[in-house]
Amino acid sequence: MEAKKSYDIIVAGAGMAGNLAAAVAAKKGKSVLLLDRNDPENVGKKNNWGWTCGDAVAGSHLDYITSKTGISFSKPELDVKVEGVYALAPDLNSKFLFDGVGYVLDRPEFERKIRDVAIKSGAEYVTQFEIEGPVVENGKVCGIFGKDKDKNHVIYGAKVVIDALGISTVLRRRLPDNKFVDKNVDIDDVESTGRYIIEFELDHEDKRYYDPENALIHLNQEMAPGGYGWVFPKSGNKINVGLGVQKRSLDIRNKALNRNDTLQNLIDQYIAWLPIIKNKEYKIFNKDNNGKGIWSVAVRRQMESLVTDGYMGAGDSMVMPNPISAGGIGPAMVSGILAGENAVRAIEANDTSVNGLWQYNVDFNSEYGYKTAGLEVFRSYMQSLNNSTLNYGFKNFLSVKEANEIALGKMPELSLSSKFSMVLKGTMNINAFRELLYAVNKMKELNAIYLKYPETPDQFEQWRKKVNKSMEEAKERFKPNPI
Ligand SMILES: Cc1cc2nc3c(=O)[nH]c(=O)nc-3n(C[C@H](O)[C@H](O)[C@H](O)COP(=O)(O)OP(=O)(O)OC[C@H]3O[C@@H](n4cnc5c(N)ncnc54)[C@H](O)[C@@H]3O)c2cc1C
């Protein structure tokens with residue numbers, strides 16, 4: 001079948017990553033086709049439930065987008081400003097500041113705004129188009145195939161395809177066998193998550209459960225095995241409240257407690273646990289039909305290479321969310337911009353092979369990606385601790401500054417002797433602290449490997465071997481142990 005039309009660049013998926021990739025590339029004068037399965041009103045909607053997300057994003061990410069594109073954000077797309085994100089221990093007796101100033105978005109408004117920027121910049125926007133896979137010639141991606149809104153089979157051609165289809169991407173999964181981009185993701189690196197946006201009446205103030213000025217994360221291996229629960233404030237008397245679990249941790253926890261809990265009833269139990277909701281009564285806030293939903297989020301380092309011949313990936317299609325916070329909005333937007341810029345650069349240099357696209361890997365790595373492998377190790381470490389060790393560790397292992405450094409991907413200097421003033425009680429806690437030292441050293445090792453990200457594709461295989469070896473050692477050491 002002939003291509004219906006050919007473009008310089010096809011951007012597949014008009015979500016956080018895709019809209020910005022299309023905006024940047026079209027503004028630089030390239031012909032850009034932006035494809036999405038939704039109708040225009042629902043642009044960026046992830047699934048039938050809606051835009052399922054916690055919708056919290058760091059202010060620094062928005063500043064980056066503004067500095068790169070000139071887009072500025074305000075109401076209604078920024079629903080509420082938060083001063084910080086706090087992670088609380090299971091017993092709620094200690095907490096760490098996890099991230100600084102940020103915003104909780106009105107996600108549908110945000111997506112419509114960046115989509116409009118893409119269109120104004122010159123991208124052609126085709127809606128209700130279901131992408132089914134890449135068109136490949138001689139191992140190189142040169143277009144996509146799918147069905148238009150009338151269910152006609154259509155092929156579009158392009159010099160570069162940017163995959164911004166999110167975690168369920170059919171493009172990455174159907175790539176030809178290649179040495180650069182993995183097609184599959186390990187189930188242990190995926191969190192099953194769900195959230196409601198609810199309206200409620202405040203029973204009483206208790207900032208351990210709800211804080212109108214801060215986003216709260218509740219670590220608790222019984223309530224959210226291998227993940228966490230969150231309460232993010234929204235405007236008015238509303239919250240975005242949800243929970244994520246690692247399947248393996250949930251299975252272990254259910255077996256140990258002789259329970260049969262699912263993600264769905266864990267979310268309901270979590271909301272029922274929040275004493276700030278008067279009479280445990282709440283209403284789903286269903287603006288844009290976006291009040292309730294379940295979806296997956298990958299919490300590992302991004303794909304080691306984000307490009308292969310004719311193909312680039314951005315956002316969740318490349319498993320970019322932060323491994324410990326699951327924050328994927330920031331990296332999706334950053335990668336969208338960098339993918340758009342680098343697609344243009346490659347086309348102008350007349351080389352859209354893996355060589356010509358490689359600079360995107362280098363740029364994303366130095367802007368954001370260098371820290372994620374280390375954070376993945378820290379995630380595995382946290383998943384290996386039960387509630388009582390988490391409670392103890394929150395209080396005794398790290399200062400607020402050290403915990404904040406880890407969350408930001410910087411490595412604090414830790415040693416047993418530096419903690420000489422700490423009285424470690426019990427073998428379990430001494431072991432857990434030793435394991436923390438191991439995790440921090442592993443994080444340093446992986447950060448050092450990522451600081452030497454290959455400048456060209458020919459060094460990639462050797463480099464990836466080092467990453468995999470280091471990561472496998474860490475994964476072997478830290479096994480999920482929620483109870
Ligand atoms: C429950 C939950 C809570 C989260 N909380 C947060 C949070 O608080 N903060 C944060 O930063 N991140 C959070 N994340 C992660 C964040 O939502 C994602 O990282 C982000 O949406 C990624 O954007 P994206 O553009 O890569 O992909 P997506 O937002 O998934 O967009 C992909 C687009 O492609 C379209 N598409 C997919 N397949 C096809 C196809 N075959 N044909 C045509 N179109 C298609 C989709 O419909 C959608 O429009 C959360 C995720 C979940 C699931």
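This section describes the domains, the ligand shell and the nonpolar core of a predicted model.

The protein is divided into three parts: domain 1 (5-55 + 106-182 + 301-367), domain 2 (187-297) and domain 3 (372-477). The C-alpha centres of domain 2 and domain 3 lie 27 Å apart. Domain 2 gives 7 residues to the contact between them, and domain 3 gives 4 residues. On the domain 2 side, the touching residues comprise 5 polar, 1 nonpolar and 1 charged.

The ligand is surrounded by 42 residues. G15, G54, G166, G315 and G328 are the closest. Two or more shell residues come from each of several elements: the helices α1 (16-27) and α7 (329-348), and the strands β3 (56-58), β9 (130-137), β12 (190-202) and β17 (292-298). By class, the shell holds 18 nonpolar, 16 polar and 8 charged residues. Both domain 1 (5-55 + 106-182 + 301-367) and domain 2 (187-297) contribute to this shell, so the ligand lies between them.

The largest nonpolar core contains 143 residues. Within this core, I10, A12, A21, I162 and M312 touch the most other members. Helix α7 supplies the largest share, 11 residues. Helix α7 also gives two or more residues to the shell around the ligand.

The surroundings of A12 illustrate the packing in sequence terms. Neighbours within four places in sequence are left aside here.

Conventions. Residues numbered from 1 in each chain as written. Predicted model: local features only at pLDDT ≥ 70, side-chain atom pairs only at ≥ 80, totals over all residues. Near = placed C-beta within 6 Å. Helix = DSSP H or I, 4+ residues; strand = E, 2+ residues; numbered from the N terminus. Nonpolar A, V, L, I, M, F, W, Y, C, P; charged D, E, K, R; others polar. Domains from an automatic or database assignment. Contact = placed C-beta atoms within 7 Å. Core = buried A, V, L, I, M, F, W, Y, C linked by C-beta atoms within 7 Å. Buried ≥ 20, exposed ≤ 12 C-beta atoms within 10 Å, placed from the backbone.
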